[in-house]
Structure formats: C-alpha cells, structure tokens
Amino acid sequence: TAHDVLHNRAGDCTEHALLLVALLRAAGIPAREVGGLAYAQDGGFAWHAWAEFHDQNHWVSVDPTWNELPVDGTHIKLNNDPRDLTWINLVGRLKLKVVDVDYF
C-alpha cells in the first residue's frame, strides 16, 4: 500500500508510482499509475512504471523514480492499468530502433 511505501521509505518504480498517485489523489488531483518500457542507463529498454495526473486539460506523465516532469522520450507507455500485464507477452517480440536524437 502507499502507507507501507511511505513508512518503509523504500521501493522500486512501482512503489514510487503508487505513492505519488496516492498523494496526488489525496490532494484532489486525478492520477493513475501507468506502465511500459523505458530506456535505462545500461543501454536497453526495461519494464518501468510511472504516473500520470490530469491538469484539467490533459494527462501529464511524471516519473517519480527518475525525477522527470514531464517524462522524456525514453518512456513508451503500454498501459493505463498496473494490473493488466497482457502487453508483457509482446515485449520479447518488440524491436525498437532510435532513428534520431535531438537535444534542446
């Protein structure tokens, strides 16, 4: 639970996203946990969880684990429901290629 994450002060991306969603909702801000793939520092894509909140116009992705608001292009959202893991079967067959990088 979010209370356990706060009490233990530890967790991975799923716990960070869970806690942020709970805090946002407690503040009256619509929020949800999302999951997908993110490009990790080791040079590959890995499963990752982050959060989204609604700013009264659209959903904004935020990654509390990597301190990103909004998330950058390394995040590929594959679901809006952390309980739905059916997309994981696709990951082994998924091929991604970075074709261009632009720095602002």
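**Exercise 1.** Which side chain does a polar contact of 2.7 Å join to that of histidine 48?

*Solution.* The partner is aspartate 63. A polar contact is a pair of N or O atoms within 3.5 Å; within protein, one must be able to donate a hydrogen and the other to accept it, and residues adjacent in sequence count only if both atoms are side-chain atoms. Now place histidine 48: it sits in strand S2. Its relative accessibility is 4%, so it counts as buried (under 20% relative accessible area; exposed is over 50%, partly exposed in between; 1.4 Å probe, protein chains only).

**Ground rules.** This is a predicted model: local features need pLDDT of at least 70, side-chain atom pairs count only at pLDDT 80 or more, and totals for chains, interfaces and linings use all residues. Residues are numbered from 1 along each chain as its sequence is written, and side-chain values use heavy atoms, leaving out hydrogens and water.

**Exercise 2.** Describe the aromatic pair of tyrosine 39 and phenylalanine 45.

*Solution.* Take the centres: they lie 5.2 Å apart. Rings of Phe, Tyr and Trp (its six-membered ring) pair if their centres lie within 6.5 Å. Take the planes: the angle is 70°, which is edge-to-face. Planes under 30 degrees apart count as stacked, over 60 as edge-to-face and the rest as tilted.

**Exercise 3.** Where does arginine 32 lie relative to tryptophan 59?

*Solution.* Arginine 32 lies over the ring face, 3.9 Å from the ring centre. The test: NZ of Lys or CZ of Arg within 6 Å of the ring centre and within 35 degrees of the ring normal.

How values were computed
Helix = DSSP H or I, 4+ residues; strand = E, 2+ residues; numbered from the N terminus.
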